[in-house]
Structure formats: structure tokens, C-alpha cells
Amino acid sequence: MPLTDGPRPAWPPAAPDRETFTALVRERGAALYRDLPWRNLDDPYAVLVSEIMLQQTQVARVGRFWERFMALFPTIDALASADTSDVLAQWQGLGYNRRALALKRTADLCAAERGGQLPSTAEELVQLPGIGPATAAGVVAFAFDRPSLYLETNVRTVFLHELFPGREGVRDRELAPLVADTCPEEGARAWYYALLDYGAHLKTQVANPSRRSAHHTRQSAFEGSRRQKRAELVRIVLAAPGIAAPELAGRLDAFEQAAGRPCVDADVFDGIVADLVSEGFFRREGDLFFA
């Protein structure tokens, strides 16, 4: 079924027409196709793992992590049965550890309530932890090969470059109807692969068109950030379960000093640790921490 009812959206007047645009994307996508290990799979869980790993992480970096993760946790039930500490340990090096926790919680819910299966609609998928509209649409398109509104950075790049050249501040509400309108009823998977591969290529050839999106934000520096301190504390506790608070603080200070930064303020340390405990990254038993 089509993604939208009613009349087709207005096409940008200065852009190539719809047929020319779709033909161009298919041609460029075929020439630039990337044979990635999570592609052309009918396994929604495997696709979901790849979509979550690819959030804010480059494709080249995700490959080996995805293959290792799937070898260790090949099904939703396997991930649900795993200790959180083991899941986090396999996520180290990818960053954004919250993604791993959310994926584990989704597996726990699906194992307990859905017989180890993911939902098959975007509307149901977004009800699960850590799954937003783009991730849900990716699972629908790539695992089920059904039409979806998959608007992520590489897709956005193509539409901005081809349909809105030179225009600044383009909002997703303008792009979304065009993305939905061009997604075919048959072959959504191949269509979005073409958009992704052409978009990734464009970023190497021209100034990143996605910067002209009204929603573009520059990622804050990781070095010395609170986010880096959080990641280091998780790494330390995973490597030394049962570590005492003073030693944990001392190791974080040593990490900071090795990078030429001052020791971490005690209140900052306590706040970060409290956040990590409340979010489920590790637990505190008296003065000791365990992943």
C-alpha cells in the first residue's frame, strides 16, 4: 500500500522531475552499491542491531562490531539471556553505550512478551526502548522490504543535493512527503540502499549537503567531555567489577591527567556515577561497583 493517501506532494519547481530524480538515484546507487554484511537479510533483529549501531557511528567501524555481536547474541532470546555487563563489554569501542542498554531492554521485552520476535510495523517498533522513527522505518524497509518513511542523514543528503541545491534551512517536514512519495510499493529495500550509497558518496565529493538541513547540529567535542568520562567509568567497572569508589575516582583522575587535564571534581564524579547507576550501566553495593 502507498505510504500516504490523497494527492501527491508538490515537487520542488527548480528540481529535476520525479522520474528523472528516481532514475538518477537508481543509477548512482547501482554504481556505488556497498555489499555490507547486514544487507539483504530477512532477519528483523539482525537489521535492528545494524541500524542501532549505525546511529552516529561510521559504517566502516560498525562492520566488525556487528559481526562479533551477532555471533555472540544471534537472536533476541540470546541477547535477553545475556548479562548486561557482557552486552556492554561487546559494545566498547562503538560509543554511545546507551544504545546497548536500550537494545538489551528491547530484547528483554520481546523475549518476555512477544515470543522472541520483533513487531513488524513502524508504529509498534517505536514503542520499544531506543527505537525512533528512522530506526523503525529502517527495519520495515530492510528486513520486511516494505515501504517506509526512512529519513536519515544519507537519505536527507541526496534529497537536499538534488532537489534543494543551494537552499539553506530546509526542514524535514518539507523532505518527508517527498521521501514517502518516492519510496516504491515494491522494492523499498533496494531503493533505500541506493539512496544510502549515493548519499554516502556525495559526502566525499561535495560540502556535506545535510548541513543545509534546519535540523543539522554539529556534534560536541568528545575529548574531555562528560560523555567521555561516562564512557571511561563504564570501561573501568567492566574491567574491574567490585571496584571501590575511591579507586574508581582515582582511575578516572589518572585517565584525565594522562590526557593533560585536571582531576575530576568530586561533585562531578558523584553526579556521573549516580547517573550511570540510575540508568542501569552498573550497580552500587555499599562502596563497591559492579557492571
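**Exercise 1. In which helix do Arg235 and Glu232 both lie, and how many residues apart are they?**

Solution. The model is predicted. Start with the location: both residues sit in helix H12. Their spacing is three residues, about one turn of the helix. Next, check the side chains. Arg235 and Glu232 form a salt bridge at 2.6 Å, N to O. Finally, compare exposure. Buried means under 20% relative accessible area. Glu232, at 8%, is therefore buried, while Arg235, at 41%, is partly exposed.

**Exercise 2. Examine the pair Asp197 and Arg39: is each residue buried or exposed?**

Solution. First the contact: the side chains form a salt bridge of 2.8 Å, N to O. It links distant parts of the chain, 158 residues apart. Asp197 is in helix H11, and Arg39 is in the loop between H1 and helix H2 (44–53). Then accessibility: Asp197 has 3% and is buried. Arg39 has 7% and is buried too.

**Exercise 3. Describe how helix H9 is covered, and by what.**

Solution. Take residues 153–163. Nine of the 11 are buried. Among them are Val155, Phe159 and Leu163, but also Arg156 and Glu162. Then list the partners: the buried residues pack against helix H1 (18–31), helix H10 (172–182) and H11. At the start of H9, a side-chain oxygen of Glu152 comes to within 2.5 Å of the backbone nitrogen of Asn154.

**Exercise 4. Which residues have the most contacts inside the largest nonpolar core?**

Solution. This core has 84 residues. Those with the most contacts are Tyr45, Met53, Phe69, Val155, Phe159, Tyr192 and Leu248. Helix H11 (residues 188–205) supplies the largest share, nine residues. Now take Met53. Beyond its neighbours within four places in sequence, Met53 touches Val62, Phe65, Trp66, Phe69, Trp91, Leu94 and Arg99.

**Exercise 5. What is the strand order of the open sheet?**

Solution. The order of the three strands is S1-S3-S2, paired antiparallel. S1 (243–244) and S2 (283–285) are the edges, each pairing on one side only. Three bridges connect S2 to S3 (residues 288–290). Across this pairing, Arg284 stands opposite Phe289.

Definitions and conventions: Residues are numbered from 1 along each chain as its sequence is written. This is a predicted model: local features need pLDDT of at least 70, side-chain atom pairs count only at pLDDT 80 or more; totals for chains, interfaces and linings use all residues. Side-chain values use heavy atoms; hydrogens and water are left out. A nonpolar core is a set of buried Ala, Val, Leu, Ile, Met, Phe, Trp, Tyr and Cys residues joined through side-chain atoms within 4.5 Å. Buried means under 20% relative accessible area, exposed over 50%, partly exposed in between (1.4 Å probe, protein chains only). Helices (H or I, at least four residues) and strands (E, at least two) are DSSP runs, numbered from the N terminus. Contact means heavy atoms within 4.5 Å. A polar contact is a pair of N or O atoms within 3.5 Å; within protein, one must be able to donate a hydrogen and the other to accept it, and residues adjacent in sequence count only if both atoms are side-chain atoms. Two strands pair if DSSP finds at least two bridges between them. A salt bridge is a side-chain nitrogen of Lys or Arg within 4 Å of a carboxyl oxygen of Asp or Glu.
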